[in-house]
Amino acid sequence: MPLIPLFERLQIESHSHCNRSCWFCPRILDRTDTYLDEQGTPVRERMPTALILDLLDQARAMGFRGRAGFHHYSEPLLDTRHLDLARAARERGLQPVLVTNGDALRHHDALVTQVREAYAHIIVGLYDYTTEAEKQEAAAWWRVRLAGASLEFSAIGAGERGVSSLGIPRALLPPDRRMTLPDLVYGNAPCHRPLVRLVIQYNGDVAHCCEDLQGAFRIGNVRDASLEELWYGERHVQTVRDLIAGRREDYALCRQCPLPPTGRPAEGAIDFTPRRAAAG
C-alpha cells in the first residue's frame, strides 16, 4: 500500500510567462532564470507538448481523475496550446481547470466561447479592486461574461483592512496586513497541503507546494523519473509525513510559512509565534 494518498489535483505549468507583475506573486522577486533572469527580464520557455501529454497519461494510469491545470506562476492563456491541452485532459477522463487573471478574456468573445466549452472549471483572479463593493462588482461582471461556466474566484486585492482577500502565497514575500492577520507563523502546526497538489513547473521540476518557487525540496524532475516514482519517492513521502506531524521546523521554507494548521499536533498545543520573531 502507498504510504501517502494520491494527489487530488495536478498542475502542469505549460510555459513560463505571465503578462502581469503582481505585488503578491513571488515570481517578481525571482532572479534565478526560472521566471526572471538576473536583470529581471521574463524567461519565455515552454514545456514540450509531448511531455505534457505523457504526464497526463501517467497521471491517468496512477488512477487520477481530478482537476488538471496548466498553470503555476504563469498565465495559461498566453500559451497558444492551452485549448488543445484542456481537450487532451478531457479525453483522458480528467477535469481541465483554467486558472487565469482573465485579461485575455475581457475583449475576446470567441475565446470566451472556446474556454467555456473546453474547461470543466474556470478560476478567475480578482486583483484590481480596493473595496469590497468593487470586488463584488468584478465578480458579478465575470459571472455574466462566463455565464454557464463552472466559475470560481481567487481574490487578492490591494484594498484596506476591511477588504477580504485570499492570502497566497506568503512565505517568500514580506508580510502584508491584507494577507495575514495576525502576523504569525505556527512552529509545530500540521500541514497536509502538499498532499493536495502535484505541481510540475515548466522546466520539469516538481514543486513541493505553491510556496516552493525555486525547488527548495529537491523532489526531482519529470524528465528523470516517472510521476509515480516522484510522488511516492522516499524523499517526498518523508517530507509529507514530517509536515503532517507538524515538523515545520525541519524545513527552512516551512519555518517561515504563516499558513494555518490543517489539524491538531500529535502532542501539546500549537506554537503561535510572531512572524518577525521567527524570522529573526
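Q: Is Cys22 buried or exposed?
A: Cys22 is buried, at a relative accessible area of 14%. Buried means under 20% relative accessible area, exposed over 50% and partly exposed in between, with a 1.4 Å probe and protein chains only.

Q: What are we looking at, by the way?
A: A predicted model, where local features need pLDDT of at least 70 and side-chain atom pairs count only at pLDDT 80 or more, while totals for chains, interfaces and linings use all residues. Residues are numbered from 1 along each chain as its sequence is written, and side-chain values use heavy atoms, with hydrogens and water left out.

Q: How many disulfides in the whole structure?
A: The search finds 0, a disulfide being a pair of cysteine sulfur atoms within 2.5 Å.

Q: Which cysteine sulfur is nearest to Cys22, then?
A: That of Cys18, 6.2 Å away.

Q: And what about Cys191?
A: Cys191 is in no disulfide either; its nearest cysteine sulfur belongs to Cys257, 6.4 Å away. Cys191 is buried, with a relative accessible area of 12%.

Q: Switching to helices: at what angle do α2 and α3 cross?
A: Roughly 20°, and the axes of α2 (residues 82-91) and α3 (residues 109-118) come within 9 Å. Helices here are DSSP runs (H or I, at least four residues), numbered from the N terminus. Axes are lines fitted to C-alpha atoms over the stretch in contact, with angles from 0 to 180 degrees between N-to-C directions.

Q: Parallel or antiparallel?
A: Roughly parallel, the word for angles under 35 degrees.

How values were computed. Helices (H or I, at least four residues) and strands (E, at least two) are DSSP runs, numbered from the N terminus. Angles under 35 degrees count as roughly parallel, over 145 as roughly antiparallel, 65 to 115 as roughly perpendicular and the rest as oblique.
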